[in-house]
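Biologist: I would like to learn how to read a protein model. Could we go through it feature by feature?

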Amino acid sequence: MSRVAGWWLAVTLLGASAVAHAQVDAERVRIHGSQTMAARLVPAVAESWLRDIGYDGIRRTQPRPNLTEIHAQRDGLPLIVEIEASSSAQGFQDVVDGNAHIAMMTGRPDAAELDAGWQLGDLASHDQEFALALDGVAVVVHRDNPIAKLGFAQLRRVLSGQVHDWRDVGGRGAIHLHSVAGANSARDLVDERVMQGAAYAPAQLHADGDALVRAIAQDPTGIGFVTLRQPWGASVRPLALSDGGRAVAPTRLSVQSEDYPLSRRFYLYGGQMMGALSRSFALYTMGQRGQDAVTRAGHFAVTLRPGYAPPTLVGPKDYRDLVAQATRLPLSLRFNLTGNNDSGVASSVYDSRAVRDIERVVAFMQLPVNRGRRLLVLGFADTAGGSSVAATMMSNDRADLVAHELMARGVTVLHARGVGAQVPLTAPGTAAARYRNERVEIWML
């Protein structure tokens, strides 16, 4: 080997050694869990976070199919954001075991997970639970189908093949079922909320949501379901759905307020002792820049922006009269309920999203375009285990609590009132139903 060739070899080996050393010494933020969140959402938000806190040289690698690494550096120091796709349950377990800093989850930890993760601290606290985005499923039909709404029990009978003809649910013609082939996030949610163990009837299978929507656009008696991120075009429309309360269509308002029964939150969870960089990322996702990245990734953000249109009013006359001249903000404040295993044991009366939504409402009302505007605060209750009088008192207490919180922060509240259990979102009887039905709406005049 010549002296020059040897010199270049030495330089190359030293460079490779330096790169390898940098890889070994690079600090990592480990985010594990939901495949749906890991596919696009969390990488997009992570890259936005890295740019905004001053990192450069941002690039993605994929060492293996279920692992995405985002490499970056700042002031010569490397950082790797490790996003591992497995499942919500595995992501949570990885945090419990110390193998991840943050878990990506498409629902709250269940009772068994909370027991396993007791050492992590207060997992219902807004310091550890971060509602990153909203997602859900639309049940779609041809635009000429006369059916406008279905209850969950009716939908289950349709999807399981117990009902073969639209005439049994108020339409016309034989029902043609369409489905996206294989496991997918939309099917997971329909399994959980609608099917409840019932088997699906045979359906025409499609490679993806685009193919399913195109098929239903050509099939006047077809029905299928897709994620809310799926465009459905002019020839296909979604149905309003009910799970024991009023039927709700998947509008942006109903999804962001979580009135729509096939919507859900995407969460990040961290332990009490999560590191500074991990906490920086989690908090970033709650701010406007992080939520802008959520929107760019195709999901529903949970922040407020000016320019909401008045909704179509549904409900009893006294409720409609109250809000007739107002515009609803796209949120519903919910509460941590004693005995609800889905909530953990929280130090705040509000759930983690509501804590931040109150802050968002205050900031929203301080925008120049909203100065001088006033709010209506309306509380709702659940009827399980109590009288209508008790429900009205409970809803009044909820409305007053939120109104006082807002007024203490300088927001003008014109009126706070409870309307009892007149506008339920779901049938009462369970802790989950109480969590959905006991809520506070905020309207702007």
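Modeller: A search of the whole structure finds six aromatic pairs. Rings of Phe, Tyr and Trp (its six-membered ring) pair if their centres lie within 6.5 Å. This is a predicted model: local features need pLDDT of at least 70, side-chain atom pairs count only at pLDDT 80 or more, and totals for chains, interfaces and linings use all residues. Residues are numbered from 1 along each chain as its sequence is written, and side-chain values use heavy atoms, with hydrogens and water left out.

Biologist: How far apart are the ring centres of Y319 and W443, and at what angle are the planes?

Modeller: A pair of aromatic rings is described by the distance of the centres and the angle of the planes. Here the centres of Y319 and W443 are 6.3 Å apart and the planes are at 85°, so the pair is edge-to-face (under 30 degrees is stacked, over 60 edge-to-face, the rest tilted). Y319 is in helix α11 (residues 317–323) and W443 in strand β18 (residues 439–444). The pair links distant parts of the chain, 124 residues apart. Helices (H or I, at least four residues) and strands (E, at least two) are DSSP runs, numbered from the N terminus.

Biologist: At what angle do α9 and α10 cross?

Modeller: Two packed helices are described by the angle between their axes and the distance between the axes. The axes of α9 (residues 276–286) and α10 (residues 288–296) come within 5 Å and cross at roughly 75°. That makes α9 roughly perpendicular to α10. Axes are lines fitted to C-alpha atoms, for helices over the stretch in contact, and angles run from 0 to 180 degrees between N-to-C directions. Under 35 degrees counts as roughly parallel, over 145 as roughly antiparallel, 65 to 115 as roughly perpendicular and the rest as oblique.

Biologist: Which residues of α9 and α10 meet?

Modeller: Y284, T285 and M286 in α9 meet Q288, R289, G290 and Q291 in α10 (contact means heavy atoms within 4.5 Å).

Biologist: How do α2 and α9 cross?

Modeller: The axes of α2 (residues 35–52) and α9 come within 10 Å, crossing at roughly 110°. So α2 is roughly perpendicular to α9. Residues of α2 including W49 and D52 meet residues of α9, among them F281 and Y284.

Biologist: And α5 with α6: at what angle do the axes cross?

Modeller: The axes of α5 (residues 152–159) and α6 (residues 185–195) come within 10 Å and cross at roughly 120°. α5 and α6 are therefore oblique to each other. F152, L155, R156 and L159 in α5 meet V190, R193, V194 and M195 in α6.
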